[in-house]
2 protein chains.
Amino acid sequence: MGNVLTNPRSDRVKAVRALSRRSVRSRTGEFLAEGPQAVREAVRFRPELVRDVYVTADAAQRHTEIVDEAREARLFLHEVTPDVLAAMCDTETPQGIVAVCRVLDVPLDAALAALPPTALVCVLTHVRDPGNAGTVIRGADAAGADLVIVSDASVDVYNPKVVRSTVGSLFHVPIVTGVPVEQVLAALRAKGVALLAADGGGQTLLHQVDLTRSHAWVMGNEAWGLEPEVRDACDEVVRVPIYGHAESLNLAMAATVCLYASAEARRSLTG
Amino acid sequence: MGNVLTNPRSDRVKAVRALSRRSVRSRTGEFLAEGPQAVREAVRFRPELVRDVYVTADAAQRHTEIVDEAREARLFLHEVTPDVLAAMCDTETPQGIVAVCRVLDVPLDAALAALPPTALVCVLTHVRDPGNAGTVIRGADAAGADLVIVSDASVDVYNPKVVRSTVGSLFHVPIVTGVPVEQVLAALRAKGVALLAADGGGQTLLHQVDLTRSHAWVMGNEAWGLEPEVRDACDEVVRVPIYGHAESLNLAMAATVCLYASAEARRSLTG
């Protein structure tokens, strides 16, 4: 590492801090990954996207594996004072390390062309809460989904809170953003992907659906669910059965149960 | 309803507000259910526990079904001004209705005696985050669990944030609290309930476990998981398989996936 960056009021620090604003992210095509988990996954899985890594002396000692991997990947690594790091961050406890990354979403056409023959896709539409969106992306990654599509009317996936909630999964699974949901559904259908609306009012129970074919789970807003026209555009409206007296599951729980039912069906298929 | 309560500094209001403190809940044996969802479930499922319902004129109009059910159950129903309601509450947006309830946890022995022949139990130990605890209780209810046991080293289930996160499920499923986890595990084992530790480091995969017998899922702390001695005291250490590159699932997601795997096994058993 070169000179230590010590001035929390420098233009560079201000430029990094400005990435907490959506308009700045859109204009620059960059976003900030905060904390060791997100930075490690960025450096490990998508080093070509990492523009700069900023780390305090303390954090560099605690996370030598990240620093070593960043050096091996010949990334720009900068030591900063704790004041500078805090000034760069949205988080209250940034844990000493952040990375400025280029946005990583892929065009819808390219993403669909890259799908395997039996694909598992997760579509989020009108999801507004950053924590929910991030948790669903994490769940999709864990369940082995091939693609996550976050439609235009949802929270920005590069929002610092979304990035944190994915705990690195943002760098693991291909993501499409900003496409209107109607266009997403039409393109998936044209590709032969069955459209399964996840909805507490669905007529089909989760265990009644064929999850061994190519399919996409379509998830709606955390409070009011899917828009009627989105639900109607899907092939099946599926509900997670409620065995007790709970009224419903929340979005992240329902999404995880559906995605893991798909993962289990794929697993039993391949043995 | 009688006279409208208008004084936010009255002794009654102070006594209700004090229920946000654990020491006061312990001493009085009461807790506060906030918001229409929690109050409706309390009135509907456990009216014998409800001491007083407090509602603003606006909320009484919006939630006539709750007011009607409370009247039919001959509960004490008090109209209050919005100022009084706000002064009673922990929540910033209490939505106009709260109920003071008696605590509802049951003794461990009685709870075990009431279990069905093939039981599904959820044990939480060292779970500290109120939102996580509440979400797992909600998931256990949804999956049809027969009993939830929250061991002594966990967050208080009557904490206002836990109560809110259960979205009424606290009133649906029998709950045991405050017993040391070693004692819980010994009692479950004596009852013939298989002890399944949910742990990301487990050797057994979720789909390899026999979930058609009586079993308990034992879940640990959201950050560091189960204590080694708790894990060792269980019959099997089970992990939810990760199909993608995610490091793990969070507590609530892992718990929901495990509980729903149990629900699905029970469903296929009964047809």
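This is a predicted model: local features need pLDDT of at least 70, side-chain atom pairs count only at pLDDT 80 or more; totals for chains, interfaces and linings use all residues.
Residues are numbered from 1 along each chain as its sequence is written, chains are lettered from A and ligands numbered from 1 in the order in which they are written, and side-chain values use heavy atoms, with hydrogens and water left out.

Let me stay with the sheet of chain A. When I say helix or strand, I mean DSSP runs numbered from the N terminus, helices being H or I with at least four residues and strands being E with at least two. E1(A) and strand E4 (residues 97–102) of chain A run antiparallel and are joined by five bridges; two strands count as paired if DSSP finds at least two bridges between them.

The whole sheet in chain A is open, with four strands in the order E1-E4-E2-E3 and mixed pairing. Its edge strands, each pairing on one side only, are E1 and strand E3 (76–79) of chain A. H3(A) packs on this sheet, where it touches E1, strand E2 (50–55) and E4 of chain A, and its direction makes about 45° with that of E4(A). Contact here means heavy atoms within 4.5 Å, and the angles, which run from 0 to 180 degrees, are taken between N-to-C directions of lines fitted to C-alpha atoms, for helices over the stretch in contact.

Turning to chain B, we find an open sheet of four strands in the order E1-E4-E2-E3, with mixed pairing. There, strand E2 (residues 50–55) and strand E4 (residues 97–102) of chain B pair in the antiparallel sense over five bridges, and Val55(B) stands opposite Ile97(B) in E4(B).

Now to the charged pairs. Which residue forms a salt bridge with Glu34(A)? The partner is Arg164(A), with the closest N and O atoms 3.2 Å apart; a salt bridge means a side-chain nitrogen of Lys or Arg within 4 Å of a carboxyl oxygen of Asp or Glu. Because Glu34(A) lies in strand E1 (residues 30–34) and Arg164(A) in helix H9 (residues 160–165) of chain A, the pair ties together parts that are 130 residues apart in sequence. Over all chains, the structure holds 26 salt bridges.

Finally, where do the two chains meet? The contact takes 31 residues from chain A and 31 residues from chain B. About 2600 Å² is buried between them, with carbon and sulfur atoms giving 62%; buried area is the accessible area (1.4 Å probe) that two parts lose on being put together, summed over both. Two salt bridges are found across this interface, and Glu247(A) meets Arg40(B) in a salt bridge through their side chains, at 2.8 Å from N to O. On the side of chain A that touches chain B, helix H3 (36–45), helix H8 (130–142) and helix H12 (251–270) of chain A each supply at least two residues, and the largest share, seven residues, comes from H12(A).
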